[in-house]
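Notebook open, structure loaded. I want to jot down what I looked up, one topic at a time.

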Amino acid sequence: MGESNDLLQGTLDLLILRTLRSGARHGWAIAQQIRNASDESLLVQQGSLYPALHRLEHQGWIEASWGASEKKRRAKFYSLTAAGRKRLHAETTKWERLSAGVNQVLAEG
Amino acid sequence: MRLLAALKRRFLSLFRRAQTEDSLRDELQFHYDHLVEHHIAGGATFSEARRQARLELGSLPQLQEECRDSWGVRALDEVTRDLRLALRSMAVRPGFTSVIVATLALGIGVNTAIFSLADAVLLESLPVPNAKELILLKRQDTVNERPPTPSFSLPLFDGLRSTEGVDLFAASFGYETEVAFEGAESPERVRLQGVTKEFFPVLGLQPQLGRLLGVGEEVRRGAYPYAVISDRLFRERFGSDRNVVGTSVRVNNAALTIIGVGPYGFEGVTPGAGADIWAPIEMWEQIEPGSEVLLSSYGGVWLTVMGRRAPGVGEDSAAAALQLSYSRIEESLEAEGSPDARHLANRVLIAEPGRLGVDVFRQQYVKPLNVLMGVAILIWALSCANVAALFLIRASQRGHETSLRAALGAPRARLVRQWLAESFLLAALGGVAGVLLARLAAPALVYVASTGGNYLTLDLSMDWRLLTIALTATALTAVAFGVGPALAASAARFRTTPGTVGARSIESGGYRRARTVLVGAQVAVSVVLTIAAGLMLQTVSNLRSADAGYETGNTWSLRIPVSQAGYEVPRGDQAPDEERQRAGARLQALVGQLRERLLATPGVGGATTTACGFLADCISVPSTSVLVDGNEIDVGRVREEVVGNGFVDTMGGHLLAGREFDAGDQADGPRVVIINETAAKAFFEDSRALGRTFRWNKESDLMEVVGILEDINHDGPRQQVPPFVYFPSAQRPSDLLTVVVRPASGSAVSANALRKAVTEVDPRLNVQSITTYDERMDSHIRFELMLQRLVTAFGGLALLLTTVGLSGVLGYSVSQRTREIGVRMALGARRSAVVRIVIRQTATVVAAGLAAGLAAAWAASQLIESMLFEVQPNDLRIVAAAAFVAACTGLVAAFVPALRAANVQPATALRHE
């Protein structure tokens, strides 16, 4: 994996959780969603997506189940757990506070 | 809660291994497919799209690894895999595996057995409640430099009894005697220990059956004819028959009733010298008639004294209180002007922690046990070296595979871990087998260690401490033989010559060197043990054949308690002189009859009587106040013996001057004595003692020296002979009687014949014990014997292991060089030349090992020098013998490999992979 940038890792987690708030998705769909929702400014590194998903699953924020994709193929769908929902809320608040603070400092400059 | 769920997931993912792997692969495949489609949709060709997708996603296996990483079970996962791989490779090679496990089992088992023996002898507390509160009393000589002695007299114990803050009891040393159980046909030998009434109550023991002496009942002197038997006797002699309680047992002169059985595992307070029967000291006058001297003299120090501190009393205050009592007793004796005061003078009382019991035997065992533990560690090192060599062979064989894996990117740590997994697994198996072996071997060890009738009474149960030792030994073993080859294997630089048939790798020189060193080390260890065994064998032989100043060998000693049969001689102050004289005359008549009857027995060359005899457990009261020409001379302890006529002749001793006692030395005649050479030199400055006189002590008559005897060693080869005074039995009747019988030269005489002769003289006489000098000598040198047997056994074991190891390594070396041998033979070399190669290789290793071993043995034997007797640590004969043994080992080990080398067919060898 190389050095993991904690900030980046945490951000990716946050994005994944947010994406899943509106419903269960499989890995590919999550990546697409993030790309689209950010107007292509955020391209998820394919290599970090799945380890992140598995980590989140292990930590209990998301859960997985197998189902059929739009193209009728077998795919693994992830969805938020109740704990995950709470976590998303907490992390979002934290992120907002962080970015607000950063903005403030930058504006001062 | 979350933690629990997370843990559960991790656990489950361990088990649903395959499932999870599959699903991960599917998931990634799904993503990959979509990525490809995405790129195709963006205009790329199929192959380009695939390449692009692969680049973006990264290598699939790596991704799988990272996902698995996030599961957090990677480490455990790998270890499990390593273990499974190790198990498989072990199962594939049953021969190799079993040799290794057996070797390890021996190394670890021997260690555990010896440590359990050492633990039981040296460290185990007495099995009584609150053993920490116990104290052991000792007397310390403040004038002479001697270790404190735990021996006390009964009157001194009586005086100390009332000390505040401690509850004391006294117990004799256990000694073997013959007793007659109710209903038994003949007397049996058991260990008897005399104890005062406080013994069982103070120790706080509970009887297994019946009741214990002195617990809850009054014990009156002379009126308490009871005994308690030990648990071991109960089980082994009586087969746990509960009816034994209430039966009677005849101990010497007294009939006692068995009132109970001691608790399980309790065998007295002297570890290593257990007791089978406890009898009250209060009954000792009945049990051992004639013991009044012992019981009332401050000089008869035959008891050990222990006690328990009262609650709240510290060790120091107890010691102080006891010393105070002791001083008071000493002062009052001095005030009375009693001669007994001298027994207490110049000594102080010490109170040591008594948790370990009376430690006299322990101390004797310390040195031999230390030696044994050293031996055990050597054997363990040897077995590790053996296994390491075998492992190196394996490493060499797997070299090709290992270098491949290293080339494929396996991290070195991973390779090392795999090796270690295998070594730990083997060590674990070896450890388990070793512990089992130890359980079986420990009783065998005890049996070998208990020589000469002094059986070690030890409880060798496995407890957690020993298991910890076994486990530590196992772990160390695994590291010892696993790490080296592991590092070597993972660092292997193998050259595979391309184009040759197969990919036979050429071995790096490091392996060969390492193997040689290991086997050389094994030879060295074997040499050390062989020399040690040789030294001990020589020591024992020297001890047994040591010149004692008299004829030894088959000389019989018969201990006969004559007072049982009505030949008591009352003490001077207990009966009028007349009575004493009559008793003395009766005894002397008996002595004469015995001598006559025994001399008439076929095969007997000489017969006489003594009091204590030789190499005997005997209590005599030495004199410290011999007066020559009215002056008390300072010669330390002067020992006495009471001997019958014909003493010197029977013993085969040598008179330097004067004569033996004979019929002319009557009870009412002038007092005569024979003294030994040491006494002559000590008493009379010019050593011309013949005809001179002295007094035994202040009250005695003047004695004339009529004979000077060349020193006879009564106490064993290692002891210096003290001054001895020999009294004629006619003039100093002693009802402590030992008959000494020497067989005529060239004949033998049986114990039964002697017994019969004795009973013919007087049917009431009972021979308490009948032993030859050799038997008693073996008992006397039991530690040396024990060491000799054990070191020899372990030496043999070491040689066996070394032979196996050397043979294995040589065999492998031959198979490695098969092609080379084939080439040589194809070029015309004869078989004998090939065999010479193998022999030369063996010789190098053996010679190197021998040199190292000799050096190590020289150093090590300095350590056991104190146990040797009349043999130097670097005795040339023993060294030569060890070299010879090493050479033989080499030859035996080289036999099969040399045979194989000689039978190499050049044609097949050249095709050999």
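**Ground rules.** I'm working with a predicted model, where local features need pLDDT of at least 70, side-chain atom pairs count only at pLDDT 80 or more, and totals for chains, interfaces and linings use all residues. Residues are numbered from 1 along each chain as its sequence is written, chains are lettered from A and ligands numbered from 1 in the order in which they are written, and side-chain values use heavy atoms, with hydrogens and water left out.

**Arg139(B).** I found Arg139(B) in strand β1 (residues 134-141) of chain B; strands here are DSSP runs of E, at least two residues, and helices are runs of H or I, at least four, numbered from the N terminus. For the record, buried means under 20% relative accessible area, exposed over 50%, and partly exposed in between (1.4 Å probe, protein chains only). A salt bridge needs a side-chain nitrogen of Lys or Arg within 4 Å of a carboxyl oxygen of Asp or Glu. What the Arg139(B) side chain does reach is the backbone oxygen of Ser151(B), at 2.7 Å. Beyond four places in sequence, its contacts (heavy atoms within 4.5 Å) include Phe152(B), Leu156(B), His343(B) and Arg347(B).

Pairing takes at least two bridges found by DSSP; β2(A) and β3 (residues 74-80) of chain A are joined by 7. Ile62(A) sits opposite Leu80(A) in β3(A).

**β22(B) and its partners.** Strand β22 (residues 736-743) of chain B has 7 of its 8 residues buried. β12 (residues 556-561) of chain B pairs antiparallel with β22(B) over 6 bridges, with Leu558(B) partnering Val739(B). β13 (residues 604-610) of chain B also runs antiparallel to β22(B), again through 6 bridges; there Ala607(B) partners Val741(B).

**Helix α19(B).** I checked the length of α19 (residues 577-600) of chain B: its 24 residues should span 34 Å at 1.5 Å a residue, and the end C-alpha atoms are 35 Å apart, which agrees. The expected span is 1.5 Å times one less than the number of residues. Its buried residues include Ala583(B), Leu587(B) and Leu594(B). Among what covers the buried residues of α19(B) are β13, β22 and α22 (751-761) of chain B.

**Salt bridges.** Arg597(B) and Glu760(B) meet at 2.7 Å, N to O. That pair links helix α19 to helix α22 of chain B, 163 residues apart. Arg597(B) is partly exposed at 25%, and so is Glu760(B) at 46%.

Arg161(B) bridges to Asp158(B) at 2.3 Å and to Glu198(B) at 2.6 Å. Glu198(B) is buried at 16%, whereas Asp158(B) is partly exposed at 39%.

Last one: Glu57(A), Lys76(A) and Glu27(B) are linked in a network of salt bridges.

Definitions and conventions
Polar contact = N/O pair within 3.5 Å; in protein donor to acceptor, adjacent residues only side chain to side chain.
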